[in-house]
Amino acid sequence: MIEQQQGLIESVRDKFMHVEECPFEGKRIFFENAGGSLRLKSVVETSALFASYPDNQGRENDASRALSDIIENGRKKMHLFFNASKGKVFVGESGTELLFRLIRTASLGSEKKGKMLSSTLEHPASMSAMKKWAHYTERPHILVEHNNKTGSVDIEQYEAKITDDLRVVSIVHTSPVTGMSLDVRGIAKKIRRASPECFIIVDGIQHSSHGGIDIDSYDIDGYVVSPYKMFSRHGYGVAWASDRLSNMQKEQLLNGPSENWELGTRDTGSYATFSDVIDYMTWLGSNFTKSNNIREQLNAASKAIKSHEQEIVSLIINGAAEIQGLSEIKKIHIIGKSSLNSREGVISFYVEGISSSFIVEQLRKNNIRVHIRKNDHYCGNILTPLKLKDCIRLSICHYNSKDEAKEFLRVINRVCNN
């Protein structure tokens, strides 16, 4: 969809840093986006600018008032980005830290006893927090087993474990290993029917750069993203929390506002750089809608991103007339189903008879950046049931092109067929 508009993919790529060249290794194709996306040029400029300011919020001077206005403007844009008409948006140390805080607050503040529920598809960011606080609050931590063949968790699998005494549930919107997205809205609806007061916390870190977010339709209590995986920088995470979760007791300064999540002086640059991301998304969306409404532009951008990425993923999996795709190379096994409907930007695979480290190195020598995922505390939940010690993860974003996908296929075919 993006490549179908003349000159648009070039315009998109021109807005990012280091699209075609690594500053350390030189020319390369970047297919390691799940480990951290390329950065917008505007984010780099904004980061440097705000790092130079000595002023803070809450002072009686123009500089301080300007910084406060930028933070408030950033919060308004965050609400639009999440499509959250209520609740609180705020920044923290990282996406992982914010998931821990939301889950901790929900666990300590919810009704005693009962159960906590996660799925085995989840990243350790949410899984670790759920296990920790289930232990400290003396609640059983129930696990919904994911489907090894599909690399996902269906609503029916959740439904079998949903009970009326659920207190806290964590959901991963998209797996960073299998690339499969879950039906957050549908799962939350089933939970609410059985346990209306249950707190539902969603890890949207992998999903955020690939699909739209619509919190008003989810009926959840928390949602977390990591900006460094969606075109911004390291050093902060962004979260949304419902009003009822925000009003619970949590770490905060004595006599401060009870609903406040943030501790200490805010980094104005985090709000400003996230605003840059939203501005970029609205610019992209303006190429696909005549509306000047920011939310409609964000929706248009998300649809364009999804369409473009599905075309690239389809090309990589199914190939083209002149070249075999991954599903056509006999030695290659793709983790999860090949269906494109729920796959978001990630293809993890392994090559029979050839080590993953060798494949990654051969791709690197041919100027293609991918990543090996090992059976460790990050990916063991996916790889252990498959009896794999590692796999190769190829991850794309919408600024990647079909030409880059074809070059990857040419290289992987040579490596696997030699």
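User: In this predicted model, over how many bridges do strand β14 and strand β17 pair?

Analyst: Strand β14 covers residues 346-351 and strand β17 covers residues 390-395, and the two run in the antiparallel sense. Within this pairing, Val346 stands opposite Ser395 in β17. The number of bridges between β14 and β17 is four.

User: Which strands are the edge strands of the open sheet?

Analyst: The sheet is open and has four strands in the order β13-β14-β17-β16, with antiparallel pairing. An edge strand here pairs on one side only, which holds for the strand at 332-334 and for the strand at 371-374. The edge strands are therefore, given that two strands pair if at least two bridges are found between them, β13 and β16.

User: Which helix packs on the sheet by touching β13, β14 and β17?

Analyst: Helix α12 (residues 356-365) packs on the sheet, but its contacts are with β14, β16 and β17, and its direction makes about 30° with that of β17. The helix that touches β13, β14 and β17 spans residues 402-417, and its direction makes about 15° with that of β14. That helix is α14.

User: Is α3 parallel or oblique to α10?

Analyst: The axes of helix α3 (residues 62-82) and helix α10 (residues 268-286) come within 8 Å and cross at roughly 45°. Angles under 35 degrees would count as roughly parallel and those from 65 to 115 as roughly perpendicular, so that the crossing falls into the remaining class. The relation of α3 to α10 is therefore oblique.

User: How many charged residues does the contact of α3 with α10 have?

Analyst: Residues of α3 including Arg75 and Lys77 meet residues of α10 including Asp279. By class, the contact of α3 with α10 has nine nonpolar and four polar residues, while the number of charged residues is three.

Methods
Residues numbered from 1 in each chain as written. Predicted model: local features only at pLDDT ≥ 70, side-chain atom pairs only at ≥ 80, totals over all residues. Heavy atoms only, no water. Contact = heavy atoms within 4.5 Å. Axes fitted to C-alpha atoms, helices over the stretch in contact; angles between N-to-C directions. Parallel < 35°, antiparallel > 145°, perpendicular 65-115°, else oblique. Nonpolar A, V, L, I, M, F, W, Y, C, P; charged D, E, K, R; others polar.
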